[in-house]
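Student: I am new to this structure, and I would like a close look at one part of it. Could you pick a helix and follow it to its surroundings?

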Amino acid sequence: MEQLKIGNVTLKNGLILGPMAGVTDLPFRILCAEQGAGLMCMEMVSAKGILYNNKNTEALLAIDEREHPVSLQFFGADADIMAEMAKRVEERPFEILDINMGCPVPKVVNNGEGSALMKDPLLAGKIIERVAGAIKKPVTVKIRKGFDGEHVNAPEIAHIAQESGAAAVAVHGRTREQFYAGKADWDIIRRVKEAVSIPVIGNGDVRTAQDVLRMKEQTGCDGVMIARGAQGNPWIFSQILHTLETGEEMAPPSAKEVARMVLRHARMQLEFKGDYTGMREMRKHAAWYTAGYRHAGALRREMNQVETYGQLEELMGRFAAYIRE
């Protein structure tokens, strides 16, 4: 897959790990980087959290040398705070700063942040302009199709983003009202691509190399963002790249390989977040890794009781043993 240039940053390919709160933490990003993703997007960070030196925010800002290039994502609705905090963190080792205008979560939207900004194009433009003017690193914007079915304005917001200094825009083909339900509308990505000259990154319902090819063909997008398709499946990047390069499908990982990856991911989580939080975080990841296998339901129930690395190791040993290749 060809390189993608965003501002003065050149990605080795246009496959991007999408930002997901509670998922794209440092250990998971390293795993996706190893599998060939062209850009790792961090979990969204509150600009106000940085302003008030929130302890949890500091952990979210951690970056590892093994995961570059990295996109740090801000959310907020105060243009001054967003710009000031962008300046404050600019020296940190990320390559791109992304502004979240797509998050559908009620507590974010009710503060006028995330996808709520799509209802206020003037404020959206002001935030992008202030942030892009405050730092030298490229600024990108993540948006949705619109806030709801009556207000589909992604092309307009993307155009405002471009005029305000954004170096690229990522478009999720669902409205805020849809959250993650229904089918992603790729046609809106095409319309955004037609409305702007900066790179457009398509997002929504991408799980295979064929999806990547279809999305690029249908929309003309410059890059493809994979978010939920990567949950429990960091291999998705190497699988897609292999198919695009050779025309052949890569064999899925064996149950043993899945078990090995779960345990490696767990060790990284424990090192990064400590035993208590690390193990609890691993429960959902392990459930994603093993979804779709025989007895996955029973396995998930056991997973939710796991409290130590030893228990997880024993559970993964049994998983690998009873799933025949």
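Tutor: Let's begin with a term: a residue is buried when its relative accessible area is under 20%, exposed when over 50%, and partly exposed in between (1.4 Å probe, protein chains only). The model is predicted, so local features need pLDDT of at least 70 and side-chain atom pairs pLDDT 80 or more, while totals for chains, interfaces and linings use all residues. Residues are numbered from 1 along each chain as its sequence is written, and side-chain values use heavy atoms, leaving out hydrogens and water.

Our part is α1, which spans residues 26-34. Helices (H or I, at least four residues) and strands (E, at least two) are DSSP runs, numbered from the N terminus. Eight of the nine residues of α1 are buried, so the rest of the structure largely encloses this helix. The buried ones are L26, P27, F28, R29, I30, L31, C32 and A33. They pack against β3 (15-17), β4 (39-41), α10 (236-246), α11 and α12, where contact means heavy atoms within 4.5 Å. Just past the helix, G36 has a positive phi of about 105 degrees.

Now look at C32, buried in α1. A disulfide is a pair of cysteine sulfur atoms within 2.5 Å, and a search of the whole structure finds zero of them. C41 is in no disulfide, and the nearest cysteine sulfur to its own, that of C32, is 11 Å away. C41 is itself buried, at 5% relative accessible area. C103 is buried as well, at 9%. Its sulfur lies 14 Å from the closest cysteine sulfur, in C41, which is too far for a bond.

On a 1 Å grid over the protein atoms alone, a pocket is an open set of points with protein on both sides within 12 Å along at least five of seven lines, and lining residues have an atom within 4 Å of a point. Of the 30 lining residues, M44, N56, T57, L60 and F75 are the closest to the centre. The elements giving two or more residues to the lining are α1, β5 (45-46), α3 (55-60), α5 (106-109), α11 (255-273) and α12 (275-290). Of these, α3 gives the most, with five residues.

Key:
On a 1 Å grid over the protein atoms alone, a cavity is a set of points where a 1.4 Å probe fits but cannot get out, and a pocket is an open set with protein on both sides within 12 Å along at least five of seven lines; lining residues have an atom within 4 Å of a point.
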